Amino acid sequence: MKPLYEVYPIHIENSLTGEKEPFSPVQEGRVGMYVCGPTVYSDVHLGNARTFTSFDLIFRYFKHLGYKVRYVRNITDVGHLENDADSGEDKIAKKARLEALEPMEIVQRYTVDFHKVMDQLGALPPSIEPTATGHIVEQIAMTQAILAKGWAYESNGSVYFDVNAYNNDGGDYGVLSGRKMDELQAGSRALDGQDEKRNPADFALWKKASPAHIMRWPSPWGDGFPGWHLECSAMSTKYLGDEFDIHGGGMDLKFPHHECEIAQNKACTNHNGARYWMHANMLTLNGKRMSKSTGNTILPGELFTGTNDLLVKAFHPSVVRFFMMQAHYSSVLDFSNEALLAAEKGHDKLLAAWNTLQQASAKGGQGFDVQAWKDKCYSAMSDNFNSPILIAHLFEAVKFINASEGGLAIAAGDLLKLQQTFKAMIFDILALQGVEDQSAHKDALDKAMDLVIELRAQARTNKDWGTADLIRDQLKDAGIQLKDGPEGTTYSL
RNA sequence: GGUUCCGUGGCCGAGUGGCUAGGCACUGGUCUGCAAAACCAGCUACAGCGGUUCGAGUCCGCUCGGAACCUCCA
């Protein structure tokens, strides 16, 4: 039997070429994917979470189609500078000084927080989660290789990538972001420490550590620490090879971070790193991008508990995920209470339909073309991971499911196919989280609810509307909704 | 100032030149003791102005508005 990825071949919008291209992996049946992870110096905010949720969707879909996927997502725990890649203070070290903690204590705390949030959002852990500090040796070796190539130079204990030398040697700095060298130079500001560089566009591969700098490692150029861009080149090629399939990250990393990565990779491996570069778009708040540095943020934890003045209520992580999945990963998504509330209704409707579908029976007929529907669902996802279209198709099925009473008008085999596909889409791929149907509790609850519903039915028979409505309202407050239908009353959580 | 991108109905958001996106909200109806849920029907669109085309939300140009990047950022 053909693997699903041959039935529904994937097309990916490649940032490197600007085109939507058929996906063809380096190795048949395998996918190597690297995504730039967070810098763990503060709580991950919702915008960060969107990027990783987007790539979780992509990771899950590749796996679902039958690919063996190695998904590498790093933790940046050093080398990410505060103001400027060449002169600023290390973010981790700065935070550590402020809170009087060891740098690794900061790293640990926020790494744990990050993992917790991603778990709540239903994201699978990556296959490998390497840290920058765990790959100092590789980064030094890479710096040496670039020096040997003549595309870097040492200056006052630091090593910089020589962008002009790279370009004069056939390099194409700017290939990803569409920037031209002369524009970059015209637009760059006069920054501290620039005098060490030959060209304002040059970027640090290795930075000399000042005597007070805590995070430091010995190197051929003296004690120092790696530049930010280098870690991703080192770790991606170490675990995925010189040329791998997908490199992802937030749109804001396209320039300069990914541009620098490509230059470094070209120097060391003669490849761009990844064949397909993918960029997840920003989540905006009040029309502006969420950002740690500007304070325009909502934390996932605040969203899940409702503890933020911007929020009217708490939202379940699954609702938040659904909200994100309703927009395409490459589009800017604007956050608002209204949008979350709308998403919550849709989310609940979708999951309610799944509960109905699980218990549905088939009465035969051709009321719904299940195979065509299934094809549309997969085609949407294979078309550059278009989750909004997938969700639109899911709601077509919801309409059919809800409209059917006394059994779905399809053959038994089609019902099974509908159930399997529906389940795969909402749980395996979109990774929504349904109400836990833990059978032991469920049985007990069912019995209790049967009793309550019976009592209320008696009250209604006696036209004791007060009692009947009291039961209904109290249950509603407890999160249980009664539905009076022609065939009796049912309930849902 | 430069690079890239966006501007879709009350709101959020898909739309690869020709065929109903979808969700939420709203209106009417069915059902109901009343609701809720569900279903049926309806309802508002493609920022503006030109151009290409038999035909444009979709391509091109201009204008207006917004965003990201150009400095750490998912």
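The legends below describe an overall view and several close-ups of one predicted model.

**Figure 1. Chain A as a whole.** Chain A contains 17 helices and 15 strands, where helices (H or I, at least four residues) and strands (E, at least two) are DSSP runs numbered from the N terminus. The C-alpha trace spans about 90 × 55 × 40 Å along its principal axes. Of the 493 residues in chain A, 51% are buried; buried means under 20% relative accessible area, exposed means over 50%, and partly exposed lies in between, with a 1.4 Å probe and protein chains only. The accessible surface of the chain is about 22,200 Å², and carbon and sulfur atoms account for 50% of that surface. Accessible areas come from the Shrake-Rupley method with a 1.4 Å probe, and for residues only the protein chains shown count as cover. Among contacts in chain A between residues at least 6 apart in sequence, 73% join residues at least 24 apart; a contact means heavy atoms within 4.5 Å.

Residues are numbered from 1 along each chain as its sequence is written, and chains are lettered from A and ligands numbered from 1 in the order in which they are written. Because this is a predicted model, local features need pLDDT of at least 70, side-chain atom pairs count only at pLDDT 80 or more, and totals for chains, interfaces and linings use all residues, while side-chain values use heavy atoms, with hydrogens and water left out.

**Figure 2. The domains of chain A.** The chain is divided into domain 1 (25-280), domain 2 (285-429) and domain 3 (439-492), with bounds that come from an automatic or database domain assignment. Between the C-alpha centres of domain 1 and domain 2 the distance is 33 Å. Domain 1 gives 30 residues to the contact and domain 2 gives 33 residues.

**Figure 3. The largest nonpolar core.** A nonpolar core is a set of buried Ala, Val, Leu, Ile, Met, Phe, Trp, Tyr and Cys residues joined through side-chain atoms within 4.5 Å. The largest one in this model has 132 residues, and those that touch the most other members are Phe-62, Phe-161, Phe-335, Phe-385, Leu-394, Leu-418 and Phe-422. Helix α2 (residues 46-64) supplies the largest share of this core, 9 residues. At least three residues of this core come from each of domain 1 (25-280) and domain 2 (285-429). Another core, of 7 residues, lies apart from it, and Met-449, Ile-453, Ile-471 and Tyr-491 are among its members.

**Figure 4. The surroundings of Leu-418.** Neighbours within four places in sequence are left aside here. The residues in contact with Leu-418 are then Leu-357, Phe-368, Val-370, Trp-373, Ala-397, Phe-400, Leu-408 and Ile-410.

Figure 5. Pro-256 is found in helix α9 (residues 254-269), and the peptide bond from Phe-255 to Pro-256 is cis, with omega near 0 degrees. Gln-264 is also placed in helix α9. Gln-264 is buried, because its relative accessible area is 0%. Leaving aside neighbours within four places in sequence, Gln-264 is in contact with residues including Ile-146, Phe-161, Phe-203 and His-229. Asn-270 lies in the loop between α9 and β10 (274-280). Asn-270 counts as exposed, because its relative accessibility is 56%. Phi of Asn-270 is positive, near 65 degrees, in a residue other than glycine. Most residues other than glycine have a negative phi, and most peptide bonds are trans.

**Figure 6. Ala-431 in its loop.** Ala-431 sits in the loop between α15 (412-429) and α16 (439-461). Ala-431 is not a glycine, yet has a positive phi of about 60 degrees. With a relative accessible area of 3%, Ala-431 is buried.

**Figure 7. Ser-219 and its contacts.** Ser-219 lies in the loop between β7 (203-208) and β8 (224-226). Ser-219 counts as buried, because its relative accessibility is 16%. Not counting residues up to four places away in sequence, Ser-219 touches Ile-140 and Trp-206. From Ser-219 to Lys-238, 19 residues apart in sequence, the C-alpha to C-alpha distance is 20 Å.

**Figure 8. Gln-358 in helix α12.** Gln-358 is found in helix α12 (residues 337-358). Gln-358 counts as partly exposed, because its relative accessibility is 39%. Gln-358 and Thr-421 are 63 residues apart along the chain, and 12 Å separates their C-alpha atoms.
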